[in-house]
Amino acid sequence: MATSSAGKQLLNAARLAAKKLSVSAQWVSSGRPLNIADDFIYEMYILLRLVEDLHKSYVVKYDPGNGISKHCFPCKPANKHGRPRFLIYDHAGKHLLLQLCAGTKISDLHNKDRAPDISVQKGASPNDPTLKDLVMIWDAKYRAKNGRISHPELSEFGRWIELFELRNTKKYGVTLVQLKDMVGNCLITNGNFSTEPPEECERLNIKEVASFFPGRTENVKP
Amino acid sequence: MNSWAINDSCYDNNAGHVVLSTSRKIGIAKNDQLIIYKRELDDIVFAGYSQVAEVRLTQKSTNQFQFTLMMKSVKEIDHKLSVYDMAYSLKKIYRYTNPLLHFRRKYIWLSKADYDTILKGRIYWSRTAFGLFANSMTKSHYVQFITDTYPSVLNVNEKAGLRYAEGWGKIKDFILNHFVEASYLMKDIRLKAEELEKDSDIGLKYNDLKFSSDDSEVKDEINKQEQLLAEFASSLNLTTLNVQLFKAIDMQINEHLAAEREFETIFEGESWLLHPPVNNY
């Protein structure tokens, strides 16, 4: 049976979709292949969810950065200097309480730089922050198809908590509303929890957050 | 008996014959089957079919021959499928993204299988779907797709696992997980940023936002990328439950299972994993 005109239309639609994919599969200017796992897209989404929430309790200002990196969020670990950030003020808009940074380096207890995906830093944190300037960190793990947070990922994040001396922090001084269960050091995924028990997350002073994605409701462990 | 695709510029409608000028003696003979093809806009359409009733050969010089083919009546092909439509259904085509390159000559030999496919207007849906999308992503994406998928098919002994329908299933998932999900994230980034933009005290403008790596001057604008991904998502005709485009293709595959099996025989030995219809791999 010959292909009908409906079939021909479907072929046209398929070719059009393939063409649209070919232009969207790489970044427009740099030509880098678009990579949902590596390219800071998921991290940007999480960052804006956090900003949205902080905006409910604080005065929030966007600092675009300056120079060559003005308005440029890093797509791999970068120096804080010049990069955009969000400034979190009290209700009156007078006291700078916190800074919210993305993908920028912080030096740990060995004076080695590490770049958590999202860091909440103290108001007075300088352009080359150390662990002393840190309040809490969030790290993003994008999973295709409902994968889990792996044990090595959990262990590595636990190690970062130690390297930043965040293991014993009980109070963070950060008010979140819809995301109130995420105050703390969070390992965030669109997929599922690791198979480690909640007590292990408590021991490490980590929270796992699963199903964190548009249109879904997140779960927090513990 | 051979089959040929003949450019309609060689066909003299009034005289009822085809004239081919060649540089050597080609093996065209009485009773050979012909498909007449026609250039139309940016494509080539298979317009008619006929059979050679008689061949008259004139040799003009050492390297110049003229074949005059008296034809039986040329009948119209109704389906109006084109070379691009059939790029993944004809065995002779291997330049998948520029299939017209296979029809540069005025006369082209066709296998019997390809002649039948053109005459019947049949599409190898699973190979077409797989091939179109495999060739549309970047090479690094395609390599990642194969790397991600390969372990799960390593132990496949059955031929069924290597059918294009299977490969189409795998590549669909890859597209959903990598590009469709990216479009959702980027859309939400836009919505959140536009919402924050409404509070002018924040000082954020969505259209300013970019990504860049540390040592690069090249900046990728988030809004431009979001738009491209949104257009891609829209071309798939997504609903909350389904990718309508993918579903429609699946229906074609399922409605033409007999044709799928026949095509598997025609493309004997090919599999989506080991010999994929992708350019230059």
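About 450 Å³ of space lies in the second largest pocket. Of the 18 residues lining that pocket, A:R15, A:A18, A:K19, B:T97 and B:L132 sit closest to its centre. Keep in mind that this is a predicted model.

**Pockets**

- Helix α1 (residues 5-24) of chain A supplies the largest share of the second largest pocket's lining, with four residues.
- By type, the lining of the second largest pocket splits into eight nonpolar, six polar and four charged residues.
- The largest pocket holds about 530 Å³ of space. It has 23 lining residues, and the closest to its centre are A:F213, A:R216, B:V180, B:E181 and B:Y184.
- In the lining of the largest pocket you'll find nine nonpolar, seven polar and seven charged residues.

**Cysteines**

- There are zero disulfides over all chains.
- Take A:C201: its sulfur is 10 Å from the closest cysteine sulfur, the one in A:C186, so the two are too far apart for a bond. A disulfide here would need the sulfur atoms within 2.5 Å.
- A:C201 is buried, at a relative accessible area of 0%.
- B:C10 counts as buried too, with a relative accessible area of 10%.

**Nonpolar core**

- The largest nonpolar core has 113 residues, and those touching the most other members are A:Y42, A:F86, A:W138, A:V174, B:F46 and B:F133. Helix α4 (residues 164-197) of chain B gives the most to this core, namely 13 residues.
- As background, nonpolar side chains tend to be buried together in soluble globular proteins.
- Setting aside neighbours within four places in sequence, A:W138 has contacts that include A:I46, A:L50, A:P116, A:L176, A:M182 and A:I188. A:C186, the cysteine whose sulfur is closest to that of A:C201, is also in contact with A:W138.

- Most residues other than glycine have a negative phi, and most peptide bonds are trans, so exceptions deserve a look.
- The peptide bond from A:K221 to A:P222 is cis, its omega being near 0°. A:P222 belongs to the segment after β11 (219-221) of chain A.
- B:N31 isn't a glycine, yet it has a positive phi of about 75°. You'll find B:N31 in the loop between β3 (17-22) and β4 (33-40) of chain B, where it is partly exposed at 32% relative accessible area.
- B:K80 isn't a glycine either, and its phi is positive at about 60°. B:K80 sits in the loop between β7 (75-76) and β8 (107-110) of chain B, and it is partly exposed, with a relative accessible area of 36%.

Definitions and conventions: Residues are numbered from 1 along each chain as its sequence is written. Chains are lettered from A and ligands numbered from 1 in the order in which they are written. This is a predicted model: local features need pLDDT of at least 70, side-chain atom pairs count only at pLDDT 80 or more; totals for chains, interfaces and linings use all residues. Side-chain values use heavy atoms; hydrogens and water are left out. On a 1 Å grid over the protein atoms alone, a cavity is a set of points where a 1.4 Å probe fits but cannot get out, and a pocket is an open set with protein on both sides within 12 Å along at least five of seven lines; lining residues have an atom within 4 Å of a point. Grid points are joined across faces, edges and corners, and a volume is the space filled by probe spheres set on the points. Ala, Val, Leu, Ile, Met, Phe, Trp, Tyr, Cys and Pro count as nonpolar, Asp, Glu, Lys and Arg as charged, and the others, Gly among them, as polar. Helices (H or I, at least four residues) and strands (E, at least two) are DSSP runs, numbered from the N terminus. Buried means under 20% relative accessible area, exposed over 50%, partly exposed in between (1.4 Å probe, protein chains only). A nonpolar core is a set of buried Ala, Val, Leu, Ile, Met, Phe, Trp, Tyr and Cys residues joined through side-chain atoms within 4.5 Å. Contact means heavy atoms within 4.5 Å.
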